Amino acid sequence: MCELLGISSARPVHPQALLHAFRSRGGETADNPDGWGVAYSHDGRFVLHKEPTPAAHSQRFIELAASIETNLLIGHVRKARLPTVNTLANTHPFRHTCCGQEWVFAHNGLVPEIVEIARRNPLLPCTPAGETDSEHAFCHLLADISQHFHEPPAGGLATWFASLAALSDLVAVHGKFNFLISDGTHLIAYGHDRLHYREYRGEADDRVAWVATEPLTADPWQPFEPGELRIYHRGQPLVAHRSRARAATTARNAHSL
């Protein structure tokens, strides 16, 4: 059911090997053949490449992996669920503008109820270009972000991230909600039930962080705790917010029995 890749580092890196391992998850070593996308920071803006075709068989992906040099990246390989149509508009990551800057977002999971919830939200700062529950969830998150995000944040970073974590918990109650989102500065990762991270020192002792649905190398990776939100800036972990998504989901399931 889709897979995610996030990179945050202190200085630009060439993640070719990591991207090739991720590419194989798009229809070769995992069943995610319905599209791929990579968004990465370059000269202060996001560059976005995506195709509604299997990443494992994409020459464009191979060429892209060889050329990328960046300190911030979000990638996605898709298993189409809602809807099952694999069009370019339904391919992650998605990009929208909010609070005067670009944001990108990619999701693993299924939250079908969020489509109607987002449509009822009068504060949506963006209109989904596709039909996915994922992009509706993205716009729903941006509506909340627009109410709390300031530069600099009035209540500090911890306050803003806590608000995002709380809303993520509420969305996660409606299904499975693992995601990566970025404002061009931070890599924000929410692991509802299936996400891993690896943090290490790179060249010149610089910090590097990887986030992926499944470990992509033989190195030691750590699983997210259920409902954990992790924030990285230039490879440095800033916040690890452990939420109550698991408790909310458990209570909901128990109530339905």
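**Close-up views of a predicted model**

**View 1. Residue F179 and its partner in strand β8.** In this predicted model, F179 has Y190 of β8 as its bridge partner. The two strands concerned are β7, covering residues 176-182, and β8, covering residues 186-191. They run antiparallel and are joined by 4 bridges.

**View 2. The open sheet that includes β7 and β8.** Six strands make up this open sheet, and their order is β5-β6-β7-β8-β12-β13. Pairing within the sheet is antiparallel. At the edges lie β5 (94-98) and β13 (236-242), each of which pairs on one side only. Averaged over the sheet, neighbouring strands are turned by 20 degrees against each other, direction ignored.

**View 3. Helix α4 against the sheet.** The helix α4, residues 133-148, packs on the sheet. The strands that α4 touches are β5, β6 (101-110) and β7. Between the direction of α4 and that of β6 the angle is about 130 degrees.

View 4. F46 belongs to strand β3, which spans residues 45-51. Its relative accessibility is 7%, and the cut-off for a buried residue is under 20%, so F46 counts as buried. Apart from its neighbours within four places in sequence, F46 is in contact with A39, Y40, S41, L72, R95, E102, V104, S182, D183 and G184.

**View 5. F46 and W103.** In sequence, F46 and W103 are 57 residues apart. In space, their C-alpha atoms are 8.3 Å apart. E102 and V104 are among the residues in contact with F46.

Conventions:
Residues numbered from 1 in each chain as written. Predicted model: local features only at pLDDT ≥ 70, side-chain atom pairs only at ≥ 80, totals over all residues. Heavy atoms only, no water. Pairing = 2+ DSSP bridges. Axes fitted to C-alpha atoms, helices over the stretch in contact; angles between N-to-C directions. Contact = heavy atoms within 4.5 Å. Buried < 20%, exposed > 50% of the residue type's maximum accessible area, 1.4 Å probe, protein only.
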